[in-house]
Amino acid sequence: MHMLGSTDLQVARLFQRRIALDAMIGGVGGGLAALLVVAFIGVRLHGLGSELLGGVTLGGIDWIALALLPVAFVVLATLAARVTIVRALRHIL
């Protein structure tokens with residue numbers, strides 16, 4: 001594409017979009033799997049009836065932080081892809 005007249009930023013934008021989509025799909029899949037694991041562990045710990053383990057819970061801010069982790073990783077992957085492609089294209093020409 002680059003040799004056919006596309007600018008560096010156009011090529012970088014295509015790679016950036018693809019990496020963002022892949023990271024988003026991975027983040028959603030990983031987030032759902034993590035939610036299932038946390039829920040399963042929570043149910044199992046609650047079933048034990050132990051006073052010591054019964055106090056281990058996640059608060060509202062903890063759940064928000066866990067929900068924002070995939071978003072942060074998508075942003076990080078997108079920025080890393082853009083910087084990497086722009087630098088690589090600068091070295092080619």
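Me: Helices are DSSP runs of H or I with at least four residues, strands are runs of E with at least two, and both are numbered from the N terminus. Which pattern does the protein follow when read along the sequence?

Reply: This is a predicted model, and read along the sequence the protein follows the pattern α-α-α. Its secondary structure comes to three helices and zero strands. Two of the helices are α1, residues 8–48, and α3, residues 60–92.

Me: Why is Val-11 called buried?

Reply: Buried means under 20% relative accessible area. Val-11 has a relative accessible area of 5%, and therefore it is buried. Val-11 has its place in helix α1.

Me: What makes up the largest nonpolar core?

Reply: A nonpolar core is a set of buried residues of the nonpolar kinds, joined through side-chain atoms within 4.5 Å. Val-11, Ala-12, Ile-85, Val-86 and Leu-89, five residues in all, make up the largest one. Helices α1 and α3 each supply at least two residues of this core, and the largest share, three residues, comes from α3. One of the members, Ile-85, is in contact with Ala-12 and Phe-15 when neighbours within four places in sequence are left aside.

Me: Is Thr-78 buried or exposed, and how do you know?

Reply: The limit for buried is under 20%. Thr-78 stands at 13% relative accessibility and so counts as buried. This residue lies in helix α3. Not counting residues up to four places away in sequence, Thr-78 touches Gln-16 and Ala-20.

Me: What makes the pair Asp-22 and Arg-18 a salt bridge?

Reply: The rule asks for a side-chain nitrogen of Lys or Arg within 4 Å of a carboxyl oxygen of Asp or Glu. In Asp-22 and Arg-18 the closest N and O atoms are 3.0 Å apart, and the two residues form a salt bridge. By this rule the count comes to one salt bridge.

Me: Why are Asp-22 and Arg-18 separated by about one helical turn?

Reply: Asp-22 and Arg-18 are four residues apart in helix α1, which means that about one helical turn separates them.

Me: How do you know whether Asp-22 is buried, partly exposed or exposed?

Reply: Partly exposed is the class between buried, under 20%, and exposed, over 50%. Asp-22 has a relative accessible area of 36%, so it is partly exposed. Arg-18 has 47% and is therefore partly exposed as well.

Me: Which residues form the nonpolar patch on the surface?

Reply: The patch is formed by Met-24, Val-28, Leu-32, Leu-35, Val-38, Leu-58, Trp-63, Leu-66, Leu-69, Phe-73 and Leu-76, with about 1000 Å² of accessible area together. Helices α1 and α3 each supply at least two of its residues. Met-24 has its place in helix α1. A patch residue must have over 30% relative accessible area. Met-24 counts as partly exposed because its relative accessibility is 46%.

Me: How many of the residues count as buried, and what share of the accessible surface belongs to carbon and sulfur atoms?

Reply: Of the 93 residues of the protein, 13% count as buried. The accessible surface comes to about 7200 Å², and 74% of it belongs to carbon and sulfur atoms. Among contacts with a separation of 6 or more, 79% are between residues 24 or more positions apart.

Technical notes: Residues are numbered from 1 along each chain as its sequence is written. This is a predicted model: local features need pLDDT of at least 70, side-chain atom pairs count only at pLDDT 80 or more; totals for chains, interfaces and linings use all residues. Side-chain values use heavy atoms; hydrogens and water are left out. Patches are made of residues with over 30% relative accessible area and no salt bridge: like charges are joined within 9 Å, nonpolar side chains (Val, Leu, Ile, Met, Phe, Trp, Tyr) within 5 Å. Accessible areas come from the Shrake-Rupley method with a 1.4 Å probe; for residues, only the protein chains shown count as cover. Buried means under 20% relative accessible area, exposed over 50%, partly exposed in between (1.4 Å probe, protein chains only). Contact means heavy atoms within 4.5 Å.
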